[in-house]
Amino acid sequence: MSQAEIGLIGLGVMGSNLALNIAEKGNKIAVFNRTVEATRKFYAEAGELKGQIVPCETIEEFVAAIRPPRPIIIMIRAGEAVDQQMEILKPYLSKGDIMIDAGNANFRDTMRRFDALKDSELTFIGMGVSGGEEGARHGPSIMVGGTEESYRRVEKVLTSIAAKYENDPCVAWLGENGAGHFVKTIHNGIEYADMQMIAEIYGILRDGLKMSAAEIGEVFGTWNKGRLNSYLIEITEKVLKAADPLTGKPIVDMILDKAGQKGTGKWSVIEAQNLGIPATGIEAAVAARSISSMKEEREAAEKILGLPPVGEFTVADREAFIEDLENALLAAKIGAYAQGFAVMSAASKEFGWNLPMPTIAKIWRAGCIIRSQFLDEITTAFTKAPDVANLIVTPAFAAMVKETDGALRRVVSAAVLGGLPVPALASALGYFDSYRRGRGTANVIQAQRDFFGAHGFDRVDGADSHHGPWGSGLNA
Ligand code: NDP
């Protein structure tokens with residue numbers, strides 16, 4: 001039997017679908033899973049793709065089934081499991097073999113793994129894969145980090161399995177070592193913000209305008225035909241219109257309001273803070289998930305504090321307000337994406353990656369969870385101005401911000417006055433308002449810092465008095 005051209009370890013949700021995708025595109029693949037039953041089940045259910053798949057029950061058998069030099073995708077639980085799996089695998093590998101971690105790794109782990117193998121005969125690729133189960137099976141967005149040479153060796157198979165946006169494959173080499181996993185992390189951070197903003201708008205429609213789930217679903221359905229057209233808006237419509245098989249009620253009304261998180265949102269925020277770049281939309285979204293998980297505390301607080309005593313939520317013109325909500329969501333989304341790209345731009349400098357912003361936007365247009373028409377507009381903006389300081393000052397996005405931020409202001413004001421929490425939407429407004437203001441208020445902070453800590457300050461007139469006239473003894 002001819003050898004496989006690629007191997008994959010980990011036949012969980014993502015790995016099994018990715019393996020079927022690889023096999024379907026005409027690539028012969030060897031597969032292995034720690035628990036043998038999963039391999040047997042996977043193969044038994046592989047149908048007409050069986051001929052392209054070599055199921056292996058031991059690591060020795062698995063490695064021997066792949067033609068050297070071997071590309072091996074590791075798609076298992078992120079973290080320590082990956083280190084353990086790599087250690088198990090290493091003794092069987094030989095010169096030129098590539099281990100590809102395709103899970104949701106912290107990019108700092110990827111850097112460490114890459115460095116550990118740098119002087120060996122083996123190579124390491126850290127590869128972010130987005131699109132969930134469906135994407136893995138039919139075309140994910142793939143963000144690759146490692147040496148460019150190692151990417152070229154797997155480019156053909158990755159291109160064959162990646163999602164396509166108007167025939168353009170959503171896969172690219174983005175830079176050395178941790179670049180791919182960093183970009184995947186920020187992708188997920190933006191996804192957190194996108195989802196939270198949608199949830200806040202849903203909250204205004206549900207608790208402010210008192211609309212039913214099905215009615216709100218209609219609104220999202222209409223928006224999905226316009227500028228907000230995206231996978232997340234599309235699934236939100238579907239989620240809102242789905243019925244609970246047990247009660248017949250809208251399923252969304254039966255789902256507990258406690259959101260889970262696995263870490264990529266938090267990592268985005270931590271790295272943004274490390275780099276000194278504001279990512280307030282992502283921060284608000286991560287914090288909102290944390291507050292959501294404090295269900296019992298929130299219920300207790302509602303008993304003590306009550307809901308804000310604001311009376312009825314009123315809007316003068318319901319139709320116009322719903323149109324404002326659409327534009328507000330678009331404006332806030334622009335803020336979150338601008339922040340995400342700014343974080344990547346700073347990281348690119350910090351880690352010497354030379355991240356290609358237009359390419360990142362391009363490979364997010366299809367396959368991944370945040371896929372949307374909007375990302376095509378970002379691609380165009382960054383192609384025209386690859387080194388721009390911030391997405392919102394590109395001509396196209398500046399025009400969009402100017403057109404929609406009034407709606408965002410009205411929506412945030414209405415929500416705040418109506419006692420409805422909109423931390424992510426409000427964060428976008430605060431971001432625009434501070435980013436666009438040439439003269440801010442940090443002069444007071446600098447004065448305070450100089451007063452109590454003699455930190456000094458720069459003057460607006462450039463004169464060289466760097467301390468204030470606070471007087472001795474005042475700054476104790
Ligand atoms: P699953 O929980 O479905 O599968 C986990 C897999 O990891 C199983 O094959 C399991 O093997 C294996 N595994 C766990 N621990 C070890 C170990 N110590 N050594 C060897 N194998 C181990 O996970 P997913 O497929 O959902 O996720 C896999 C990776 O993909 C994760 O990093 C995840 O974050 C990432 N990812 C997931 C997405 C999703 O939508 N689900 C989207 C994008 C990325 P066994 O059968 O023996 O337990």
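These notebook entries record what I looked up in a predicted model.

**Entry 1. Ground rules.** I number residues from 1 along each chain as its sequence is written, and I leave out hydrogens and water, since side-chain values use heavy atoms. In this predicted model, local features need pLDDT of at least 70 and side-chain atom pairs count only at pLDDT 80 or more, while totals for chains, interfaces and linings use all residues. For helices (H or I, at least four residues) and strands (E, at least two) I use DSSP runs, numbered from the N terminus.

**Entry 2. Two local features of the backbone.** I looked up the peptide bond from Pro 68 to Pro 69 and found it cis, with omega near -10 degrees. Pro 69 belongs to the loop between helix H3 (59–64) and strand S4 (71–74). I then turned to Asn 177, whose phi is near 30 degrees, a positive value in a residue other than glycine. Asn 177 sits in the loop between strand S10 (171–175) and helix H8 (179–208).

**Entry 3. H8 with H13.** Two packed helices are described by the angle between their axes and the distance between the axes. The axes are lines fitted to C-alpha atoms, for helices over the stretch in contact, and angles run from 0 to 180 degrees between N-to-C directions. For H8 and helix H13 (residues 280–293) I noted an angle of about 70 degrees and axes 8 Å apart. H8 and H13 are therefore roughly perpendicular to each other (under 35 degrees counts as roughly parallel, over 145 as roughly antiparallel, 65 to 115 as roughly perpendicular and the rest as oblique). Their crossing is left-handed (the near helix is turned anticlockwise from the far one by less than a right angle; clockwise is right-handed). The contact (heavy atoms within 4.5 Å) includes Gly 189 and Tyr 192 of H8, and Gly 281 and Arg 289 of H13. By class, I recorded eight nonpolar, three polar and one charged residue in the contact of H8 with H13. Here Ala, Val, Leu, Ile, Met, Phe, Trp, Tyr, Cys and Pro count as nonpolar, Asp, Glu, Lys and Arg as charged, and the others, Gly among them, as polar.

**Entry 4. H15 with H17.** H15 and helix H17 (residues 374–384) pack at about 50 degrees, with their axes 12 Å apart. That makes H15 oblique to H17. I found the crossing of H15 and H17 to be right-handed. Among the residues in contact are Lys 333 and Phe 341 of H15, and Phe 374 and Phe 382 of H17. The contact of H15 with H17 has eight nonpolar, no polar and one charged residue.

**Entry 5. H18 with H19.** Helix H18 (residues 395–417) and helix H19 (residues 423–435) pack at an angle of about 130 degrees, and their axes lie 10 Å apart. H18 and H19 are therefore oblique to each other, and their crossing is left-handed. Asp 405 and Arg 409 are among the H18 residues that meet H19, and Phe 432 and Asp 433 are among the H19 residues that meet H18.

Entry 6. I noted a volume of about 340 Å³ for the second largest pocket. Its lining has 18 residues, and Ser 345, Lys 349, Met 357, Pro 386 and Asp 387 lie nearest the centre. (A pocket, on a 1 Å grid over the protein atoms alone, is an open set of points where a 1.4 Å probe fits, with protein on both sides within 12 Å along at least five of seven lines; lining residues have an atom within 4 Å of a point. Grid points are joined across faces, edges and corners, and a volume is the space filled by probe spheres set on the points.) Helix H15 (318–351) and helix H16 (357–363) each supply at least two lining residues, and H15 gives the most, with six. The lining divides into 12 nonpolar, four polar and two charged residues.
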